[in-house]
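Hi everyone, thanks for coming. Please take a moment to look at the chain on the screen, and then we'll walk through a few parts of it together.

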Amino acid sequence: MLFSRRTLLTGAAAAFALPGFASTTDAAPLRTIPSTGAKLPAIGLGSWITFNVGTDPVLLESCAKVIAAFVEDGGGMIDSSPMYGSSQDTIGYGLEKLGYPETVFATDKVWTSTADHGPAQITESRAAWGVEAFDLLQVHNLVSWEAHLETLFGMKDDGRLAHVGLTTSHGRRHRLLERVMRDYPVDTVQLTYNLADREAEDRLLPLAREKGIAVIANRPFRRGALPRALKGRPLPDVAQELGADNWPQLLLKFIISHPALPVAIPATTKVAHMRENKAAATGPLPDADMRRRIIAHFRDL
Ligand SMILES: NC(=O)c1ccc[n+]([C@@H]2O[C@H](COP(=O)([O-])OP(=O)(O)OC[C@H]3O[C@@H](n4cnc5c(N)ncnc54)[C@H](OP(=O)(O)O)[C@@H]3O)[C@@H](O)[C@H]2O)c1
């Protein structure tokens with residue numbers, strides 16, 4: 001999608017009336033950002049730690065292969081932050097090799113407690129990615145959120161940014177996040193949601209639905225702890241009905257089947273895992289009863 005590649009915009013939402021985007025994703029369900037109508041696949045790609053590989057050419061090449069496989073498989077949201085070491089540069093390296101594919105939804109963050117530094121940091125992030133603009137910029141962990149939201153909404157008004165969001169994780173600062181979601185016209189909210197971390201179900205996910213705010217689920221695997229802990233444990237019967245061959249796929253199907261329709265952004269260093277994760281969006285997703293059965297099975301393990 002790369003908003004950045006589109007220089008003839010008359011309005012931010014225009015960038016997302018992209019004929020053909022849906023056809024690149026086969027049967028995988030697309031998510032819609034309610035405020036703009038932008039569509040993107042339900043499984044994206046995170047970059048914290050996994051893409052922080054510095055300048056090591058072997059590791060850079062390996063990450064580039066993950067990005068290439070992600071794009072070949074329909075593309076979608078790639079999420080990064082100035083907080084993630086060299087991850088932005090790694091993404092830039094991978095995207096340049098691919099000629100900046102249109103199906104990437106370039107997502108980054110502002111993360112500085114010096115409010116005035118926000119614009120300069122965004123410029124640095126764009127340079128690292130090698131793009132002219134982002135599809136989505138988020139205030140990372142609500143740091144200096146008032147000043148950064150002002151910057152981001154200003155960019156959106158000027159047509160230099162399509163979407164504005166906020167992030168949190170690990171269940172932190174949910175009360176403040178709720179207040180900002182109520183009071184500001186943000187397009188997206190990113191928070192931790194997975195089978196083991198379900199606090200967001202109480203208030204934030206229903207509020208996102210009510211306000212038409214798209215949800216991005218970070219830490220879908222609790223940074224790998226969930227697949228590690230569940231390896232070798234029996235899958236619930238419902239997994240077979242859903243065509244989930246393994247726990248990572250069932251974990252992702254659980255997340256993206258929430259009625260708030262989140263985009264999940266698992267991070268990985270491995271092409272095989274990336275493909276496995278993407279495949280979680282194909283085939284049936286659990287309905288409310290199946291979701292209850294998955295929760296009950298997980299609790300009983
Ligand atoms: N405050 C914030 O804004 C915030 C906070 C946290 C995270 N995030 C975003 O959310 C993204 C995801 O969260 P995360 O990076 O903490 O962790 P995660 O996606 O929950 O877990 C990543 C780990 O899971 C493993 N994994 C991935 N696919 C797998 C599979 N199919 N089978 C088995 N293991 C698999 C990876 O190992 P392998 O390399 O071996 O596959 C990696 O170690 C971040 O990268 C970041 O973009 C944002």
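Let's start with helix α6, residues 204-211, where Leu204, Leu205 and Ala208 are buried. Keep in mind that this is a predicted model. Now, why do these three sit on the same side of α6? They span an arc of only 100° around the axis, which means that they share one side of α6.

What covers the buried residues of α6? The cover includes α5 (174-183), β7 (188-192) and β8 (214-218).

Next, please find strand β3, residues 76-79, and strand β4, residues 104-110. These two pair in the parallel sense, over 4 bridges. To see one of the pairings, look at glycine 76, whose bridge partner in β4 is valine 104. Together with helix α2, residues 87-98, β3 and β4 form a right-handed β-α-β unit.

Last stop: the ligand. There are 30 residues around the ligand, and those that come nearest are Gly46, Thr167, Ser169, Asn218 and Gly224. Which helix gives the largest share of this shell? That is α10, residues 271-279, with 3 residues. Sorted by class, the shell holds 15 polar, 9 nonpolar and 6 charged residues.

That's my tour, and I'm happy to take questions!

How values were computed
Residues are numbered from 1 along each chain as its sequence is written. This is a predicted model: local features need pLDDT of at least 70, side-chain atom pairs count only at pLDDT 80 or more; totals for chains, interfaces and linings use all residues. Two strands pair if DSSP finds at least two bridges between them. A crossover is right-handed if, with the strands pointing away from the viewer, the path from the first strand over the helix to the second runs clockwise. A residue is buried if 20 or more other C-beta atoms lie within 10 Å of its own, exposed if 12 or fewer, and partly exposed in between; C-beta atoms are placed from the backbone. The arc is that of the directions from the helix axis to the C-beta atoms. Two residues are in contact if their C-beta atoms, placed from the backbone, lie within 7 Å. A residue is near a molecule or strand if its C-beta atom, placed from the backbone, lies within 6 Å of it. Ala, Val, Leu, Ile, Met, Phe, Trp, Tyr, Cys and Pro count as nonpolar, Asp, Glu, Lys and Arg as charged, and the others, Gly among them, as polar.
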